[in-house]
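Open the model in your viewer and keep the sequence panel beside it. We will go stop by stop.

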Amino acid sequence: MVLSTPIAVFSTSFTLEGSISSITTSITLKSLLELELSKLSHLNLSFSVFSGQIPSQVLKVSKLEVLNLSRNELELRSPGLRNLAEKLTNLKELHLGGVNISSTVPQNLGNLSSLVSLSLEDCTLLGELPATIFQLPNLQVLDLLNNPYLTGKLPEFNRSSLIEVLKLANTSFSGPLPYSIGELTKIKKLILSLNQFSGKIPSSLANLTQLTVLSLSHNNFSPWTLSLLGKQTKLTQLILEQVNLQGEIASSLENLTQLTILELDGNQLTGAIPFWLGNLTQLTFLDLGQNKLRGQFPPSIFNLVNLTKLYLQSNDLNGTLKLESFLNLKNLIVLYLSGNYLSVLTNMTINGTVPKFLTLGLGDCNLLEFPDFLYEQDELENLELYGNKMHGQIPKWVWEMSKKSLQRLDLSYNFLTGLDQPIFPMTNLRTLILDSNQLQGSIPVPPPSIFFYSMSHNSLTGEFPPLLCNLSSLAFLDLSNNNLSGMLPQCLANLSVTPEILDLHSNNFVGSIPQLCKKGSQLRMTDFSQNQFQRQLPSVVGFPTLWNPHVFDFVFSKHFLSIFGAHFFDYWWWLF
């Protein structure tokens with residue numbers, strides 16, 4: 001295409017860095033705009049690493065039809081968005097994604113009748129969006145993603161609307177979806193997730209047959225069923241997490257053969273997983289977790305050779321599965337089967353390459369031992385093996401497996417007796433859950449990266465290790481219901497700056513409780529009950545030095561009163 005008017009596109013030719021007031025690569029945004037650009041129609045400086053306030057010189061380029069300053073560290077304060085809409089009246093495309101605007105959307109933006117594409121995602125927009133924006137006669141793209149303080153309601157639409165893309169995810173829009181949304185017959189992408197929409201899903205949604213992406217997740221809709229969908233045969237992404245879906249997975253979805261992403265988790269779906277899901281062979285992402293689906297796992301799912309992520313956790317599925325059937329899905333990196341009534345057989349005769357998993361959820365899968373194939377896994381980030389029937393020592397190789405990548409490990413509710421590893425080699429482990437086993441011996445000290453550490457309901461003995469006091473990232477520590485003894489170390493006062501939850505109840509600790517609530521403490525809850533601490537008000541309460549009394553909350557019980565006496569409440573009530 002031959003363009004008769006000047007165009008400036010710099011972002012793809014070289015990188016512009018530094019603040020606007022400095023000279024970098026011999027050019028700054030201010031100096032650029034001071035050039036003779038009166039006839040310029042297109043200015044694209046996206047991803048150019050500019051920073052600072054957008055200079056007022058941009059208002060002088062009055063013939064601009066396209067202005068793209070997205071993904072720079074820029075601000076639009078003075079001049080602001082109102083000034084821009086007032087001076088640049090010929091704009092057809094305005095893209096300011098990532099620019100810090102921090103203001104309301106001015107009414108005069110609705111006067112830009114030539115505007116075809118408006119992209120203001122992630123701009124810290126405030127207040128209510130003027131309804132006139134939706135009514136711009138030539139508007140095809142409206143992207144306001146990630147402006148959580150932007151409010152508004154969807155207006156009534158009419159068939160003359162040209163809108164093809166409407167992205168309002170992670171804003172604070174509310175109210176019902178109007179029935180007239182069915183008039184948006186040209187719309188291809190409708191993304192309304194993470195809002196406060198409510199009421200009934202209008203049946204007119206079935207009219208939107210040009211849709212390629214539909215995302216309504218995390219809203220407050222009235223109960224509805226999937227029978228509204230099926231005519232939208234161009235859909236590639238259907239994302240309906242936590243939208244109060246009920247009933248069975250409608251057979252009409254079998255028509256959506258172009259789907260690559262299907263997310264239906266967190267609803268009230270019932271019935272069996274339909275066999276025909278195996279015919280949607282373009283699927284790469286299938287999430288049916290946290291529903292009420294029952295019955296056996298359909299073997300047709302193994303036809304989905306393009307699957308990379310499969311989530312089926314927290315349903316009522318039953319039956320026996322061979323783990324090697326999943327390992328034949330060579331692209332699979334996430335497999336989540338936890339929280340069902342499945343029995344997973346781990347003995348395998350598979351030949352060839354086993355997928356490298358990032359997440360593997362096999363909780364409540366009646367495993368009798370650690371699956372051997374895990375030994376070769378070196379990219380795992382999240383591993384769930386809770387609620388199984390594994391006995392004896394945790395093999396040493398478990399702690400070596402994925403030692404550079406593993407962030408979360410849950411082995412709770414088994415019959416494990418020991419760790420066979422005095423030092424954890426994992427460098428990025430954030431969560432370690434070993435509750436409700438039969439672990440014996442002293443408390444193992446997790447790596448410095450640990451954030452959540454829980455070993456309650458075991459048979460651990462010995463004293464509280466002072467090395468735990470050095471865990472500066474620790475926010476949750478639960479060692480309750482063990483046989484720990486001795487005095488708590490004074491260094492526990494240092495540990496309490498970071499944790500929000502500290503639970504040591506039902507052990508055999510003696511002596512006094514160290515002072516915990518210091519200035520800057522993040523402590524929200526602690527439970528020291530059912531121990532043998534001396535009968536006195538602990539320094540943890542620290543009446544003369546307690547900086548933030550409202551963040552401290554003992555778990556009150558008859559055991560607590562047996563330590564401190566009923567009169568404790570005579571001078572504690574004022575804290576709440």
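Buried means under 20% relative accessible area, exposed means over 50%, and partly exposed lies in between (1.4 Å probe, protein chains only). This is a predicted model, where local features need pLDDT of at least 70, side-chain atom pairs count only at pLDDT 80 or more, and totals for chains, interfaces and linings use all residues. Residues are numbered from 1 along each chain as its sequence is written, and side-chain values use heavy atoms, with hydrogens and water left out.

**Stop 1: two positive phi angles**

Select His457. Its phi is near 55°, a positive value in a residue other than glycine. His457 is partly exposed, with a relative accessible area of 44%. Look for it in the loop between strand 35 (452–454) and strand 36. Helices (H or I, at least four residues) and strands (E, at least two) are DSSP runs, numbered from the N terminus.

Now select Leu194. It is not a glycine, yet it has a positive phi of about 55°. Leu194 sits in the loop between strand 14 (189–191) and strand 15 (196–199). It counts as partly exposed, at 44% relative accessibility.

**Stop 2: a cis peptide bond**

Select Ser78 and Pro79. A cis peptide bond joins them, with omega about 5°. Pro79 belongs to the loop between strand 6 (73–75) and helix 2 (81–87).

**Stop 3: the cysteines**

A disulfide is a covalent bond between the sulfur atoms of two cysteines. Here it is taken as a pair of cysteine sulfur atoms within 2.5 Å. How many disulfides does this rule count? The count is one. Select Cys469 and Cys491, which it joins, S to S 2.1 Å. The link of Cys469 and Cys491 is right-handed, with 60° about the S-S bond. The pair links distant parts of the chain, 22 residues apart. Cys469 lies in the loop between strand 36 (459–460) and strand 37 (476–478). Cys491 lies in the loop between strand 38 (485–487) and helix 5 (492–495).

Is Cys469 buried or exposed? Cys469 is buried, at 9% relative accessible area.

**Stop 4**

Two strands pair if DSSP finds at least two bridges between them. Strand 23 pairs with strand 25 (residues 316–322) over three bridges. End on Gln296, whose bridge partner in strand 25 is Asn318.
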